[in-house]
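Work through the exercises below with the model open. Try each task before you read its solution.

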Amino acid sequence: MTAARRARPEAPSEIRSGPGWASLVLAALLAVGLGYLLWAFVVSPNLPDPCGVELEDIGGECIGVTDGSSAKWEGLEQVSERIKAENDRIAKDPHVTIALMISMTSDNSEVRKQILHQVQGAYLAQYRANNDRAESGDPPKIRLVLANPGKARDKWLPVTDRLDEMARSDQDKLRVVFGFDVSVLNTKKAIQYLTNDKGIPVVAGSLTGNDFANTDRDQKQYQGFARIAPNNTDQADALVNFDKGLDLRHAVLVEDGREKDDYARSLRDAFQRKLADSPHNPYTFVSEGPDTEGSLSSEFRRMAVNICTLSPAVDNVYFAGRQTHLRQFVNAVAEHRPCKDRKITVVSGSAASTLYSDEQLNWEALRGDPEVGRKGVEVVYTSYSHPDGWTTGEAPETGGSAAAFNTLRSYVDRSQQPPVGPIGETDIADSRVASAYDSAWTAITGIRVHTENGKIPGLRAIGNDWDSLQGVDKVQGASGWICLDTAGNPYNKAVAVVRLDPEARAPEFVGLAWPRGAPPAKAPQGTGSCQIPKDR
């Protein structure tokens with residue numbers, strides 16, 4: 001090219017139109033903000049509240065107190081509807097409120113069944129109190145609310161504060177909190193707060209831990225507290241009195257060493273006292289929680305092997321622990337013990353009452369196989385009640401009655417159809433319906449015996465006088481007489497001894513046992529009075 005290359009002229013600067021990137025970002029943020037405000041103020045209020053208006057979402061759980069209208073708990077839908085309907089029906093009548101306080105949720109399907117049965121028992125007591133012609137004439141009517149402290153019972157404080165508000169309210173007139181079914185530290189804290197700090201009477205349900213009781217009228221660790229179930233010491237005494245032929249040389253203890261579980265600890269202490277003359281040291285495991293499976297299976301298998309090697313040979317194992325771990329243990333003994341030619345009996349406390357409904361229990365292994373010389377494993381336990389306890393066999397004349405149990409049974413039988421039900425699938429064999437029913441009925445009786453001329457009693461009048469429920473004013477519980485002493489404890493309360501029947505895959509009633517060795521003394525002149533001796 002002969003001519004000099006011409007310099008390329010610079011392109012003119014490009015003229016841009018429209019907003020810059022900063023403006024676009026700002027616009028996007030404004031759009032998001034406006035969208036959120038639109039959702040928050042227009043859309044969100046119209047969405048259903050996952051916990052309802054009465055309950056609060058705390059840590060993903062619906063916590064608080066409800067009259068049934070906000071019960072968002074799995075499996076409790078039908079019975080909650082019936083509670084709400086009954087509460088609405090008596091709303092214009094003179095009434096008081098009682099509160100069932102238990103954990104209303106669980107990740108464990110078996111525990112959810114127990115929860116359902118307890119809510120059903122509480123509702124049936126309410127329905128009977130308000131509708132039974134023999135009872136409904138006694139004022140006041142009963143309003144029932146459900147109080148949920150959470151799966152771990154660790155959210156008890158906001159719940160008890162709400163219950164305290166209801167106790168001071170002229171509209172709610174809360175008079176008793178009842179239920180309380182697991183003897184753990186959070187349960188103790190809640191009871192102490194309600195009774196000692198707030199002055200609200202409490203009736204425990206299926207609690208059997210020794211530390212959940214007053215030992216003396218003048219030195220009460222829980223003011224205004226009563227219980228309906230025999231504690232673990234009473235149950236152990238009843239077992240020993242029932243089986244006086246036990247040879248302690250052939251017995252060993254398996255115990256849960258986990259802290260902060262008064263049920264396991266007090267049952268362990270009670271069994272240790274009874275097995276003091278056993279030549280065998282206890283076997284100890286440590287669970288992770290009342291309903292937590294954990295990693296105990298291999299440890300229990302090793303225990304099963306070692307128990308077979310003991311000398312003198314062991315044929316009775318006393319188990320101090322919760323139902324979940326009892327199931328793991330008996331499965332291990334039934335499946336893995338080398339001494340299958342020897343029958344082993346495993347004895348435990350009332351937490352075993354729901355073992356029969358555990359889907360992971362190996363019934364086939366428990367049954368054994370005589371054709372190959374493999375003997376079975378027998379499971380025997382104490383239970384708060386059993387359907388056959390007062391209705392079959394040779395029931396004693398005192399301590400309970402078939403009529404009282406059949407009253408509960410009649411309501412259970414009617415609970416699948418209006419007007420009583422439907423309340424969901426029922427099962428009275430695990431004693432949870434009966435314990436909640438008896439706990440509620442004790443609370444109701446305590447309120448009504450102090451109601452004079454229609455005047456509703458105060459908290460102090462009820463809580464300071466639980467021992468009025470003795471003599472002719474005893475509570476005719478479905479499980480037996482509830483005869484409260486000066487400390488609010490049931491005197492010589494009947495204990496059902498039950499064994500698992502592998503053929504029927506159901507609990508089989510063995511007999512009634514008594515902490516004092518025999519049923520209550522017969523009252524003079526046929527009064528039906530329960531008598532508490534001075535020296536007991």
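**Exercise 1.** Find the strands that helix α12 lies across, and its angle to β5.

Solution. This is a predicted model. Start at residues 432-448, which form helix α12. Look at what lies against this helix: β3 (95-101), β4, β5 (174-179) and β6 (202-204). Now compare directions. Helix α12 runs at about 155 degrees to β5.

**Exercise 2.** Give the strand order of the sheet and name its edge strands.

Solution. Go across the sheet strand by strand. The order is β1-β2-β4-β3-β5-β6-β7. These 7 strands form an open sheet, and their pairing is mixed. Next, look for strands that pair on one side only: they are β1 (55-58) and β7 (225-227). Direction ignored, neighbouring strands are turned by 25 degrees against each other on average.

**Exercise 3.** How do strands β2 and β4 run, and how many bridges join them?

Solution. Take β2 at residues 61-66 and β4 at residues 141-148. The two run antiparallel, and 3 bridges join them. Then find Val65: Ala147 in β4 stands opposite.

**Exercise 4.** Describe how helix α6 crosses helix α7.

Solution. Locate α6 at residues 232-242 and α7 at residues 262-274. Their axes come within 8 Å and cross at roughly 35 degrees. The crossing is right-handed. Now list contact residues. On α6 they include Ala236, Leu239 and Val240; on α7, Leu267, Ala270 and Phe271 are among them. Finally, sort the residues of this contact by class: 7 are nonpolar, 3 polar and 4 charged.

Technical notes. Residues are numbered from 1 along each chain as its sequence is written. This is a predicted model: local features need pLDDT of at least 70, side-chain atom pairs count only at pLDDT 80 or more; totals for chains, interfaces and linings use all residues. Side-chain values use heavy atoms; hydrogens and water are left out. Axes are lines fitted to C-alpha atoms, for helices over the stretch in contact, and angles run from 0 to 180 degrees between N-to-C directions. Helices (H or I, at least four residues) and strands (E, at least two) are DSSP runs, numbered from the N terminus. A crossing is left-handed if the near helix is turned anticlockwise from the far one by less than a right angle, and right-handed if clockwise. Contact means heavy atoms within 4.5 Å. Ala, Val, Leu, Ile, Met, Phe, Trp, Tyr, Cys and Pro count as nonpolar, Asp, Glu, Lys and Arg as charged, and the others, Gly among them, as polar. Two strands pair if DSSP finds at least two bridges between them.
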